[in-house]
Amino acid sequence: MSWLISPRRLRQLGVLGMNQRNIEYIAGHNDRRLFPLVDDKLKTKELAIDAGLSVPKLVGVIRYQHEIRSIKAMLHSQPAFCIKPSKGSGGKGILVIHDHDDQQYFKPNNQALTLTDIMRHTSNILAGLFSLGGQPDKAIIEDLIHFDDQFINYSFEGVPDIRIIVFRGFPVMAMMRLSTATSDGKANLHQGAVGVGIDITTGYASHAVQFDRPVTHHPDTEMPLSEIRIPDWRQLLYMAAHCYEMSGLGYLGVDIVLDARKGPMLLELNARPGLAIQIANHQGLSHRLSDVSALDEHALSPDERVAYVQQHFQDSTA
Amino acid sequence: MQDKIPYYLLVTLLIAVGFGSAIYRHINLDIPWLPGETREVWRVEARLEFTADGDAIVAQMAIPESHPGFTLLEQATASPGYGLSYLTEEKRPAVRWSTQQASGKQVLYYRAQFLLDDKQEASWPPSPDISEPPILPDPISLAAGRLIEQAKKQSANQITMAAQLINGLRSDDQQVQLLKQDRSLAAAALILMQLAEIPAREVTAIRLKHNRRNQDSLPYLMVYAEDQVAFFNLTNGKEGRPERLLIWEMEDQPLIDLEGGHNTRVSFSMLREVVPVQKALEQKYRDVSAMQVSLHSLPQEEQQMFRGLLLIPVGVMVVMIIRVLVGLRTSGTFMPVLIALALMQTSLGAGLAGFVLVVVTGLVVRGYLSRLNLLLVARISAVIIVVILLTATFSVIAYNLRIVEGLNIIFFPMIIIAWTIERMSLLWEEEGGEEVMKQGGGSLFVALLAYLVMSNGYIQHLTFNFPGLQLVLLALILILGSYTGYRLIELVRFSPFASRSQEPPK
C-alpha cells in the first residue's frame, strides 16, 4: 500500500477533506446560533428528552464550586457512573468509574482514585479546563451504560458507541467506535479507539480502522471486527434521523450507545463530526452528500428518509 | 455562484489596490523593490577665505538648492564670530555672514549634503531673457558676426549652434583671438550667445569626486532650447553634463559678494558616502506632505515598532498556509507567530534554547502545582509568576556567564508561555508525552518557519516600504479561507483509499 494518494484520486472516490467539510458542510449547513445546543451536553439531553428519545440517566449536575462538597452523597447510591464536562469536546475530561466504596473509586482499568481526585477533577471541569475556549462549565454525572453483552469482547474498558453522520436528516454513514487500551477507555478515534465502518443499510460491519490505518481485529481482545452486527439497526437510523428536526443542524454527528436493558440511547450530538468515518467505511462521503443535496428533505418524514438511505446507499465495497 | 461575485470583486480590488499602491510608491517615491540598494550622499564643503580689511564685513555666498539630479538634504555653516542668515527665499539663494569688525585672514565654511537622486522633481530655472549685447568695437563685432554666420550654417537648432559657436571660439583664428582679448572664454561665449539670440546663462558648477579637497568651481554655460537645456564646459568647451556635476549657482551671479575684505578665494572639498536607500529616503522624506505620507516620517522608535507590526500578517500567512494547505496542528493557533516575533528580538539559537528551557522547567513546576488541587485561574497565575521568575533567573545566570543573548529571553510573551505550559501539561496528562512532543514540535516548527520568513531581508523590506502589500496578503488570506481542496497530510491520511478499485461508488 502506498503511503500517499493523489488528490485527483481522492476526489474521484468522493473523499471529503477537512477544508471542504469546514466550509461547505459545517459553515454551510450548521447555523452558528444552534451550536450551543450540541456543545452543551446538558442542553442536548434536555432536548432529546423533549423529543422523546431515550438518553442515559442523569445522576446529577454540579454547577458551582461549593456543590462539589456534596458529591460524595450524590455518588453514594450510584455504583457506576461517569463525570463529564457539559461543554467538553473530543472526549476530554470524561472520567468513568465503574465501582466504588465511597473511599476508593475504581476506573475501568481498576486504577483507584480517592474522593479528593474526584473532587479535583470536578473542580477542573467547572473551571473550564476541558471546555471549548476555556469557558466555565458544568459537570454532569450520568449513570454508566451497561452495554450489550455481545459487544463485551469488542471493547477494552470503555463503552462502544455508534457514530452516525446525518446530513439534512439523512443518515449517510455510520461507524462503531471501540475503545482500546491505547485510547484509555475512550471512544475517540484520535485517541486510539478503533473505528468499525457499519453498512448504513444493514448495520453490519464492513471495514475497520485504528489511527487512520486499516485493522481487522481488535488490538486488545483479538476479536475479528468484521463479525459485528448491530441489532435494531433501523431504530438507530430513525433515532439519528430524528436528531435533525430536534437540533436543526444540517451536518451532524449523532453518537448512540446500546444499553443492554434500555436499548439504543442518544449520548451526544456533534456539530463538527470527524472524517475518519470515511476510512472506517472505506468510502468517501462526498457522493452521498451530494445525492442528498439534490433532495428536498422537508418533504420527507424521518421514516421516509431512512427508507431512502437504506434503498440507495448500498455499501459498494462489500 | 451569485453571492460569490462580491467576494471575487473584493479580492480583485484588494489585490489591485495593494499592488497599485506598491507600484505607485516604487515609481513616484523611488522606493526600490529590493533591499540592499544604495544611494550616494555627497558632503560638500565650501571654504571661503579672504583677508579682512578691519571693518565691518558682509559676505554673501550663493548656495545650491535641489535641482535635477540632486536633492539637498542638509546644510550648515561654521563661522565663529559671524552673524548668519540664510537667504533661501530669494530668487538667488545665498548665505550671508556678517560681523562688526574683523581683520586678518578669515575662513568661513558652508557645508551641504546632497543625495544623488535621479527622481528629484525640481526643474531648472526658466530661461533668461535675452539681454541687449554690449556695444563692441567694429572689428570685434564683425568677427563675431562671421562666427555666428558660420555656426548657423552648420547647425540645426539652438543647442547645436551654441556648440558650433563655442567650438569656433576655441580655434586659433586671429579674429577669434581678437574676440577673446581681455575677456575670459566665458564672457566671450556669453556675448556670442547674446548676439546670436540664444538664451543662455553662465552657471557655477563643481565636479564631485570622492575625497577631494581644495577644488575650484567650474564655469559652465547653460543653453536653453525650447524645453531642454544643454551644458557646455567653458574651460575646455566640451558639451554635456557629466555625471555628478553639482550646479552650485544658476542665476548668472558671482559666487561671492564680499564687503570689507579682499583676496577672496572659494574652494570646495567633498566626500562621498554610500548609504542604504532606506536611510537616504528617510532623510529625503523627512518632512513631506501628506500625499507621500510614509512610515519613514515617523520617529525612529515608532518605525521600529511598525516594522515588527507589519511583519505579523506575514507570520499569520505562514500559519494559514501550514494549517489550511498542509494541515499541521499546532498548540494555540497563532502562538507560533508570537514565538517567531520573540525569536526576532533574540538570536535564533539563544531564543530557542531559552524557550525550551522555560517551557520544560515550567512543565516540571506545573507538575507539582497539579498536585496542590488548585483552581484553574490560580494555577495559571502561579505558572505566570513562575515563568517570570524563571526568565529573570535565567537572564541573571546567562549574564553572569557572559552570555549576552540570555538577556533577550525577556522578550517572550510570558502569559502566552504560561498558557502553553498549562495546555501542554494537560495534554501530557490526557494523551501522553508523545502528543506533547508532536504538538509542541509542530508549534516550534511553524514558529521557526514563520521566523525564517519574517526575518528575511526582502520580506522586511517589502512589508515596511510597501504597506499596500498588506492588502494583497489580506486578499490571499481571503482566498485561502475559501479553499476547499485537500490538505497535504490528508493525502497521507486517506492513503488507505489507494487500495480501492476504480469503480465509481454509489
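The buried residues of α1(B) pack against α15 (469-481) of chain B. This is a predicted model.

**Helix α1 of chain B**
- Leu14(B), Gly18(B) and Ala22(B) are buried in α1(B).
- The helix covers residues 5-28, which makes 24 residues.
- At 1.5 Å a residue, α1(B) should span 34 Å, and its end C-alpha atoms are 33 Å apart, so the two values agree.
- After α1(B) comes Asp30(B), with a positive phi near 65°.

**Arg47(B)**
- Arg47(B) sits in strand β1 (residues 38-53) of chain B.
- Beyond its neighbours within four places in sequence, Arg47(B) is in contact with Val107(B), Tyr109(B), Val266(B) and Ser267(B).
- Arg111(B) is 64 residues away along the chain, yet the C-alpha atoms of Arg47(B) and Arg111(B) are 8.7 Å apart.

- In soluble globular proteins, nonpolar side chains tend to be buried together.
- The largest nonpolar core has 92 residues; Val166(A), Val172(A), Val196(A) and Ile256(A) touch the most other members.
- Helix α7 (residues 233-247) of chain A gives the most to this core: nine residues.
- Domain 1 (7-54 + 148-312) and domain 2 (58-143) of chain A both give residues to this core, so it lies between them.
- A second, separate core has 65 residues, including Ala162(B), Leu208(B), Met222(B) and Ala280(B).

Definitions and conventions
Residues are numbered from 1 along each chain as its sequence is written. Chains are lettered from A and ligands numbered from 1 in the order in which they are written. This is a predicted model: local features need pLDDT of at least 70, side-chain atom pairs count only at pLDDT 80 or more; totals for chains, interfaces and linings use all residues. Helices (H or I, at least four residues) and strands (E, at least two) are DSSP runs, numbered from the N terminus. The expected span of a helix is 1.5 Å times one less than its number of residues. A residue is buried if 20 or more other C-beta atoms lie within 10 Å of its own, exposed if 12 or fewer, and partly exposed in between; C-beta atoms are placed from the backbone. Two residues are in contact if their C-beta atoms, placed from the backbone, lie within 7 Å. A nonpolar core is a set of buried Ala, Val, Leu, Ile, Met, Phe, Trp, Tyr and Cys residues joined through C-beta atoms within 7 Å. Domain bounds come from an automatic or database domain assignment.
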